[in-house]
Amino acid sequence: MANMEFLENITLVPGVSGYEKRVTRVMKDYLSDCVDEFQYDNLGSLVAIKKGTGKLKVLMTGHVDEIGFVVKSIEKNGFIKVHPLGGWFGKNISSSLMSITTREGKEIKAVFGGSLPRGKGPEARKLAPMPNEVSLDIGVDSKEEAEALGIRVGDPVTPVSEFTVMANPKYLMSKAWDDRAGVAVICEVMKNLKDVETEASIYAAGTIQEEVGCRGAKTVGQMVQPDVAFALDVCFSNDVPEEGEMNDVKLGCGVVLGVLDGGVIAHTGLLKKMESICKELELPYQLDVLVGGGTDSGELSKVGAGVVNMTLSIPSRYMHSHRTIICKDDLDATVKVLTEFCKQINEAVLEEIKKDKQ
Amino acid sequence: MADLKMLEAFCQAEGISGHEKEAVRVMKSYLEGYCDEIFYDNLGSIIAHKKGNGPKVLFTGHIDEIGFVVKEITEDGFLRIHPVGGWSTHKMMAQPVTVTTRTGRKCPGIIGDTKKPGSDRNSLMPMSDAYVDLGVASKQEAIDLGIRIGDPICPKADFTVMNNPNYVSAKAWDDRVGAAICTDVIRAMKDEVLNCDLYVAGTVQEEVGCRGAKTVGQMIAPDLSIAIDVGGENDEPNAPKGHAILGSGAAICIQDMSALAHSGLVEHLEKICEEHNIKHTVYVLGYGGTDSGELSKVGAGSVNLTISIPSRHIHSHNSMIHLGDYDAIVSLLCEFVKAFDQDVLEALKEAKR
């Protein structure tokens, strides 16, 4: 069962792409009692290792970065211009609360303003401003005042949100479920495996810079050279009234097995293995065909001579906004399936999986 | 201080992506005698190595420039061309170029500017309509010159010290200026005993996708890498003015579309600039990329960022830089290298943990 205190800590800690170290520290603290070793890549990704009895290596990744901004310039009147890190939708920016972290580690609250559509005709009211059309207001009178606070070009800007248990307590709202939900899954798998002997060594990695191009997955993949790799990430849940019936993926309906996305096609042998584990455990599962976007799998699958790989997803609503919602049951189900895989995998099972491609 | 004769030799050498040899040879002539060894990757990138006992540092400037290749010779002796790197046709019209044949013959040409009948006066010529006028009467004359499909076509321009002598205009500042800075840094280190192992490289094929950076990065496997390239913000009259502009010093790039600067390294370089009174800015580039995109992701990743030299009119025949910025970047990199060792590397890595 997911640890609620950890879920709150891991989602609320700031960590936009390129500035993830506070997130990896929370992850490292949580795992310190149940793994054999920690390693870092040189970009800041954290890899927690549980040693196995054999040579096989299974890598699970959840990306620790979240979307945000960096300070691009400080204007004369003290307003701050920013540049986006990751894919922001204009509609999610206006009036939202942000925090600027200075070089010294001070947090400065800021809100996105931007001009009103008044006097510009009815069409202007329908348009969402883009990041380059709005400024951050930190409530100061001048550039000098902003600089005196320690704000400099290049400082990270992170969404501010709350961790909220919703009316039905299995629904959880917070920022950054993308992809702290994945991070939480791999951490819980490591907790489950604490006193379990596995043939494979299990690597749980918090990868950095996924939102700007899966850069940590590339370096961690090259570092670990795994035999099997899973990317854990969120996917779109299409069960909100505005979405219609795009596919079957819904909150609360279990683990999502990613069939394909813009960056990878699931290894068919591994997909079949995961389906059979779900059936053995009598856990419901959903299949996702993501027509756009991608995950760490895009890089992981292509390391070396290629890696047996797929993405496991947790459905989420309102991705890439300040307030996203997931269902705890989906998270728990994903942990169960992945834990079981780690217990079952051995040379013979891997050969069976690989044979599906030959 | 920048050596104008060297900079002129770097810029005037011809070397579009995939045909960088002339430019590489110029770079080699300025490296010889100032390093322990010079070697190449298999795509043509040049690497100079000054040995030191410590972590591996790699500085790159890409040696290629944008240009064209011959796609077809028309019956009338004009050349249909294919762009190599990011051109906009409005910057090409009626500009001089040089076509180099398989045997090394240099043939002057002019990019023609006649659009199809009925084209809108204000529209750009589509790249597929672009052509080079060799000043010959027939296809046979062009063939007799030795011109063949695939021959490189390089921009031709003057190297001009402007009215304020700090401003210098030339072709190919993108990125011969980076290659020259790398060269000047290793030259300046000649008599220093370093606690790091220093490599500088002129990388090929950046303009078509940072291909030399990928091969050189994998070859050297650096602990820390810095790409030096043109960049900076606008300081011309038709757009909002930025801070990382000509004359503002070394421009430390926080991010572009290819890489995010290692935040520990940004702060480290800022400190060096402050200690040594080196002019500098930090800035965010909302487009484009540099060799850093590849260098940062080699192996388990290298501690990396891009230092830009502010520039104007890039990807045209006549681009402009400021010599004060050149000197600032050389000073910054020299001070960095002199103080860099295993302890500094560990502290930088720790900044991400």
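Trainee: Which residue is the bridge partner of B:Val99 in β7(B)?
Mentor: B:Cys107 is the partner there. Keep in mind that this is a predicted model.

Trainee: How do β6(B) and β7(B) run, and how many bridges join them?
Mentor: They run antiparallel, with five bridges. β7 of chain B covers residues 106-111.

Trainee: And what sits between them?
Mentor: Five residues, in a hairpin. B:Gly104 is in the turn and has a positive phi of about 95°.

Trainee: What else is β6(B) joined to, by three bridges?
Mentor: Strand β9 of chain B, residues 152-155, also in an antiparallel run. There, B:Val97 has B:Pro155 as its bridge partner.

Trainee: Which residues of β6(B) are on the covered face?
Mentor: B:Val97 and B:Val99. The uncovered face has B:Pro96, B:Thr98 and B:Thr100.

Trainee: Switching to chain A. What do β6(A) and β7(A) form?
Mentor: A hairpin, with five residues between the strands. A:Gly105 in the turn takes a positive phi of about 90°. Five bridges join the two strands, which run antiparallel. One pair of partners is A:Ile100 and A:Ile108.

Trainee: Is A:Ile108 on the covered or the uncovered face of β7(A)?
Mentor: Covered, along with A:Ala110 and A:Phe112. A:Glu107, A:Lys109 and A:Val111 make up the uncovered face.

Trainee: What stands opposite A:Phe112 in β8(A)?
Mentor: A:Leu136. β7(A) and β8(A), residues 136-137, pair in the antiparallel sense over two bridges.

Trainee: How is chain A divided into domains?
Mentor: Domain 1 takes 4-66 + 175-355, and domain 2 takes 71-159. Their centres, over C-alpha atoms, are 32 Å apart.

Trainee: How many residues does each domain of chain A bring to the contact?
Mentor: Eleven from domain 1 and twelve from domain 2. On the domain 1 side, four are nonpolar, five polar and two charged.

Trainee: Back to chain B. What's the strand order in the open sheet of eight strands?
Mentor: β1-β2-β12-β3-β13-β16-β14-β15, with mixed pairing. The edge strands are β1 (37-40) and β15 (280-284), each pairing on one side only. Neighbouring strands are turned by 25° against each other on average, direction ignored.

Trainee: Which helix packs on that sheet?
Mentor: Helix α4 of chain B, residues 173-188.

Trainee: Over how many bridges do β1(B) and β2(B) pair?
Mentor: Four, in the antiparallel sense. B:Ile38 stands opposite B:Ala48 in β2(B).

Trainee: Which residues of α2(B) are buried?
Mentor: B:Ala23, B:Val24, B:Val26, B:Met27 and B:Leu31.

Trainee: What covers them?
Mentor: The cover includes α1 (4-12), β1, β2, α4 and β12 of chain B.

Trainee: And which exposed residues are on the face turned away from the buried side of α2(B)?
Mentor: B:Arg25 and B:Ser29.

Trainee: Last one. Which residue takes a positive phi just after α2(B)?
Mentor: B:Gly33, with a phi of about 90°.

Terms used: Residues numbered from 1 in each chain as written. Chains lettered and ligands numbered in written order. Predicted model: local features only at pLDDT ≥ 70, side-chain atom pairs only at ≥ 80, totals over all residues. Pairing = 2+ DSSP bridges. Axes fitted to C-alpha atoms, helices over the stretch in contact; angles between N-to-C directions. Contact = placed C-beta atoms within 7 Å. Buried ≥ 20, exposed ≤ 12 C-beta atoms within 10 Å, placed from the backbone. Domains from an automatic or database assignment. Nonpolar A, V, L, I, M, F, W, Y, C, P; charged D, E, K, R; others polar.
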